[in-house]
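User: I am new to this structure. Please walk me through the terms used for it.

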Amino acid sequence: LKSSVEAMKKLLQHRLRSHWNAVLPVLASFIVHIFSSAEVANLGKHNSTCADLLNALVKLRNNSNDSNSISSIERAVGSVIDGVGVERFLVIVPIESKNGANGD
């Protein structure tokens, strides 16, 4: 699983952003599949590896400045939210204020 997550993380590289419209939905589906599987409770440290991948996708939004990239990222994050549910998403991805403090 770890090698699959690392391979998927490569899709987040900015040099691939012209293809994000096509690859980020695949990444979102992968994330949903992992977090929706019955075995996710038994993944232990791998669960945090998958959470890191989701957090990287969310943080990518703040590091992008063109509207096409932002739109692709937002659609992918929306797909993940639809797939895992809002409550579970918020457990995986901490809410941060503009100054970076959690929960403000």
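Analyst: Helix 1 and helix 2 cross in a left-handed way. Left-handed means that the near helix is turned anticlockwise from the far one by less than a right angle; clockwise would be right-handed. This is a predicted model: local features need pLDDT of at least 70, side-chain atom pairs count only at pLDDT 80 or more, and totals for chains, interfaces and linings use all residues. Residues are numbered from 1 along each chain as its sequence is written, and side-chain values use heavy atoms, without hydrogens and water.

User: Why are helix 1 and helix 2 called roughly antiparallel?

Analyst: Helix 1 (residues 2-9) and helix 2 (residues 20-36) pack at about 155 degrees. Angles over 145 degrees count as roughly antiparallel, under 35 as roughly parallel, 65 to 115 as roughly perpendicular and the rest as oblique. Therefore the pair is roughly antiparallel.

User: Which residues meet where helix 1 packs on helix 2?

Analyst: Ser4, Val5 and Met8 in helix 1 meet Val26, Leu27 and Phe30 in helix 2 (contact: heavy atoms within 4.5 Å). Five of these residues are nonpolar, one is polar and none is charged.

User: What makes glutamate 74 and arginine 61 a salt bridge?

Analyst: Their closest N and O atoms are 2.7 Å apart. The definition asks for a side-chain nitrogen of Lys or Arg within 4 Å of a carboxyl oxygen of Asp or Glu, so the pair qualifies. Glutamate 74 lies in helix 4 (residues 67-84) and arginine 61 in helix 3 (residues 45-62), 13 residues apart.

User: Why does glutamate 74 count as partly exposed?

Analyst: Its relative accessibility is 42%. Buried means under 20%, exposed over 50% and partly exposed in between (1.4 Å probe, protein chains only). So glutamate 74 is partly exposed. Arginine 61, at 31%, is partly exposed too.

Methods:
Helices (H or I, at least four residues) and strands (E, at least two) are DSSP runs, numbered from the N terminus. Axes are lines fitted to C-alpha atoms, for helices over the stretch in contact, and angles run from 0 to 180 degrees between N-to-C directions. Ala, Val, Leu, Ile, Met, Phe, Trp, Tyr, Cys and Pro count as nonpolar, Asp, Glu, Lys and Arg as charged, and the others, Gly among them, as polar.
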